[in-house]
Amino acid sequence: DVKVTQSSRYLVKRTGEKVFLECVQDMDHENMFWYRQDPGLGLRLIYFSYDVKMKEKGDIPEGYSVSREKKERFSLILESASTNQTSMYLCASSRRKAFFGQGTRLTVV
Amino acid sequence: TQLLEQSPQFLSIQEGENLTVYCNSSSVFSSLQWYRQEPGEGPVLLVTVVTGGEVKKLKRLTFQFGDARKDSSLHITAAQPGDTGLYLCAGDGGATNKLIFGTGTLLAVQP
């Protein structure tokens, strides 16, 4: 079975902290994505990567960075967390169809 | 920027009713996918449509891709409480393999 695993289901961080969200896939997919999901706004693409060490900005990259050192792992980094980054974060990997992790609900206080 | 708009945003119906959800864009997509998401979980792929005019059926769910590959619809016949969830369409831009998601339709089916 296809599997995309996000490191945490729930996280609470303080304003200004550096936050790492990890995502691992076992399908040998080239493409990996980070989205955030907010009520009424749908899924908005933060960053995506189409190969190791390659990354592209999505629609809302401000305040985020990413790292893809290995094919199976795509990390989202919040350099200095702010309250407006409180959200549900979803990781996905795809070749043509996207498979999602279970999501990380991040609260920044 | 490619955008996908879904309508309606919210739908509350009784068990046994039929419904249609729409996904519209001014952009052409090489394929379009439909996902269902339950609370606290990530979206799960239901179907992919690729050819303009294509119709796919998944039990009581019928998916159609518009002839111009800019829009799609999801029709549910005789809705069941188990159909409750957030339905998302997503377009594949093609060259970049970037998936663009619609805003979602939240469906509640009352028993």
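**Figure 1. Gly85(B) and its partner in strand S11 of chain B.** The bridge partner of Gly85(B) in S11(B) is Leu107(B). The model shown here and in the other views is predicted. Three bridges connect S9(B) with strand S11 (residues 105–110) of chain B, and the two run antiparallel.

**Figure 2. Further pairing of strand S9 of chain B.** Strand S4 (residues 31–37) of chain B is joined to S9(B) by seven bridges, in an antiparallel arrangement. Within this pairing, Gln33(B) is opposite Ala90(B) of S9(B). S9(B) also pairs with strand S10 (residues 99–101) of chain B, over three bridges and again in the antiparallel sense. Here Gly91(B) faces Ile100(B), which belongs to S10(B). Eight of the eight residues of S9(B) are buried, so the strand is largely enclosed by the rest of the structure.

**Figure 3. The salt bridge between Arg60(B) and Asp83(B).** The closest N and O atoms of Arg60(B) and Asp83(B) are 2.9 Å apart. Arg60(B) lies in the loop between strand S6 (55–58) and strand S7 (61–65) of chain B, while Asp83(B) lies in the loop between strand S8 (71–76) and strand S9 (85–92) of chain B, so the pair ties together parts that are 23 residues apart in sequence. Arg60(B) is partly exposed, at 28% relative accessibility. Asp83(B), at 7%, is buried because its relative accessibility falls under 20%.

**Figure 4. The salt bridge between Lys53(A) and Glu69(A).** The side chains of Lys53(A) and Glu69(A) meet at 2.5 Å, N to O. Lys53(A) is in the loop between strand S5 (42–51) and strand S6 (54–57) of chain A, and Glu69(A) is in strand S7 (residues 64–70) of chain A, so this pair links parts 16 residues apart in sequence. Lys53(A) is exposed, with a relative accessible area of 57%.

**Figure 5. The salt bridge between Arg44(A) and Asp38(A).** Arg44(A) and Asp38(A) form a salt bridge in which the closest N and O atoms are 2.9 Å apart. The relative accessible area of Arg44(A) is 26%, which makes this residue partly exposed. Asp38(A) has 12% relative accessibility and counts as buried. Side chains of opposite charge can pair when their charged atoms come close. Over all chains, a search of the whole structure finds 12 salt bridges.

Note on methods
Residues are numbered from 1 along each chain as its sequence is written. Chains are lettered from A and ligands numbered from 1 in the order in which they are written. This is a predicted model: local features need pLDDT of at least 70, side-chain atom pairs count only at pLDDT 80 or more; totals for chains, interfaces and linings use all residues. Side-chain values use heavy atoms; hydrogens and water are left out. A salt bridge is a side-chain nitrogen of Lys or Arg within 4 Å of a carboxyl oxygen of Asp or Glu. Buried means under 20% relative accessible area, exposed over 50%, partly exposed in between (1.4 Å probe, protein chains only). Helices (H or I, at least four residues) and strands (E, at least two) are DSSP runs, numbered from the N terminus. Two strands pair if DSSP finds at least two bridges between them.
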